[in-house]
Amino acid sequence: MSGFEMAGDSFRLGYRFQRHWDVSMASAFFCGELGAGLFVVAMFYEFIPGLILGLLVTGIGKSLFHLTHMGVPGRSWRAILRPDRSWVSRGLMAIVVFCGAGTLHTVDLMMGRVLPYGVGLAVIAALAALVVMLYQGFAMADSPAIALWNASIMPFAGLIYGLTSGLVLSLALQSSWMTPEAMLNLKNLALIAVGGVGLMLLSIVHTAYFISPGSRLSAELLTRTRYAAWFYSVTVGIGIVLPISILWLGSSTLPIFVIAACGVLAGFYSFRVLVFKAGVYEPILPLRVS
């Protein structure tokens with residue numbers, strides 16, 4: 001990290017790591033975007049196990065990790081009271097709507113579409129799922145003190161990763177019941193989506209190098225120094241290169257789809273953790289950078 005001074009917990013001027021959002025928060029983000037993405041893809045294919053799993057991952061998994069992060073879990077409901085000024089509040093409202101409308105839509109599908117306004121329920125659930133995948137990135141981008149997060153691409157990172165995870169997970173879960181043509185179409189969509197994840201990561205790192213010295217330090221932490229080994233091996237290698245290689249070159253069999261899904265999910269989770277760990281606060285006063 002030549003040219004940058006980390007102040008740590010001292011009173012010296014310098015860059016400081018953010019430590020307010022840690023692994024538990026990254027796990028909550030991961031569960032929220034994964035569950036919502038899987039639900040949207042399963043809704044398109046009317047795959048009921050995927051709908052149920054998506055609701056459980058978001059409704060239970062995300063909520064549990066959020067509660068472990070809070071100092072006073074009993075007051076967590078108050079987060080919903082500030083939709084006019086907080087993305088967290090808007091996101092919590094979206095999760096409630098997503099779980100409610102998503103559950104009713106799933107029950108309606110299981111019972112053979114007997115509920116009135118079934119199409120409306122599906123539309124509401126899908127829109128709420130999109131908000132769940134987007135709002136966490138908007139909450140991060142709304143943090144000007146951490147320049148790596150304060151980028152316009154950040155909300156779309158959750159959307160792209162969520163939908164890509166939904167595609168590869170659907171491929172692994174339901175390929176046995178699909179026609180060869182439908183399976184091939186889903187496989188091609190998954191390949192394109194994983195490629196989109198690679199372009200998104202390239203955009204985040206490239207943008208970070210030019211926003212400010214703090215974001216440049218974060219980019220160097222990810223690509224050259226402290227977290228480079230994890231970033232290249234897990235986020236890029238296992239999360240992008242491996243799935244693209246085996247989906248492109250391997251046979252269309254269940255083990256191949258399971259390996260691709262595990263790779264994308266591992267890369268997605270490592271991205272969420274590393275983006276939190278590489279976030280640094282800019283110094284209060286400007287520093288001279290050599």
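Let's start at Ser 218, which sits in helix H7 (residues 213–223); helices here are DSSP runs of H or I with at least four residues, strands are runs of E with at least two, and both are numbered from the N terminus. Ser 218 has a relative accessible area of 1%, so it is buried (buried means under 20% relative accessible area, exposed over 50% and partly exposed in between, with a 1.4 Å probe and protein chains only). Setting aside neighbours within four places in sequence, Ser 218 is in contact with Leu 148, Ala 278, Gly 279 and Val 280, where contact means heavy atoms within 4.5 Å.

Before going further, keep in mind that this is a predicted model, in which local features need pLDDT of at least 70, side-chain atom pairs count only at pLDDT 80 or more, and totals for chains, interfaces and linings use all residues. Residues are numbered from 1 along each chain as its sequence is written, and side-chain values use heavy atoms, with hydrogens and water left out.

How far can you trust the coordinates? pLDDT is the predictor's confidence in each residue, from 0 to 100. The protein chain averages 90, and 92% of the residues score at least 70. Confidence is lowest in strand E1 (residues 16–17), with a mean of 85, and highest in helix H8 (residues 228–249), at 97.

Back to H7 as a whole. Nine of its eleven residues are buried, so H7 is largely enclosed by the rest of the structure. Besides Ser 218, the buried residues of H7 include Gly 214, Leu 217, Glu 220 and Thr 223. The cover over them includes E1, helix H6 (180–211), H8, helix H9 (254–277) and strand E2 (280–281).

Now for some helix packing. Two packed helices are described by the angle between their axes and the distance between the axes. Axes are lines fitted to C-alpha atoms, for helices over the stretch in contact, and angles run from 0 to 180 degrees between N-to-C directions. The axes of H1 (residues 23–45) and H3 (residues 87–110) come within 12 Å and cross at roughly 30 degrees. That makes H1 roughly parallel to H3; angles under 35 degrees count as roughly parallel, over 145 as roughly antiparallel, 65 to 115 as roughly perpendicular and the rest as oblique. On the H1 side, Gly 35, Ala 36, Phe 39 and Met 43 meet Phe 98, Gly 102, His 105 and Thr 106 of H3. These contact residues split into four nonpolar, four polar and no charged (Ala, Val, Leu, Ile, Met, Phe, Trp, Tyr, Cys and Pro count as nonpolar, Asp, Glu, Lys and Arg as charged, and the others, Gly among them, as polar).

H1 also packs against H4, at an angle of about 150 degrees with the axes 9 Å apart. The two helices are therefore roughly antiparallel. Their contact involves, among others, Ala 36, Phe 39 and Met 43 of H1 and Ala 129, Val 132 and Met 133 of H4. By class, it has 13 nonpolar, three polar and one charged residues.

Finally, a look at the loops. Glu 46 lies between H1 and helix H2 (48–69), and has a positive phi of about 55 degrees although it is not a glycine. Arg 113, in the loop between H3 and H4, is another non-glycine with positive phi, near 60 degrees. Relative accessibility is 46% for Glu 46, which counts as partly exposed, and 48% for Arg 113, also partly exposed. Met 111 is in the loop between H3 and helix H4 (118–141) and, at 51%, counts as exposed.
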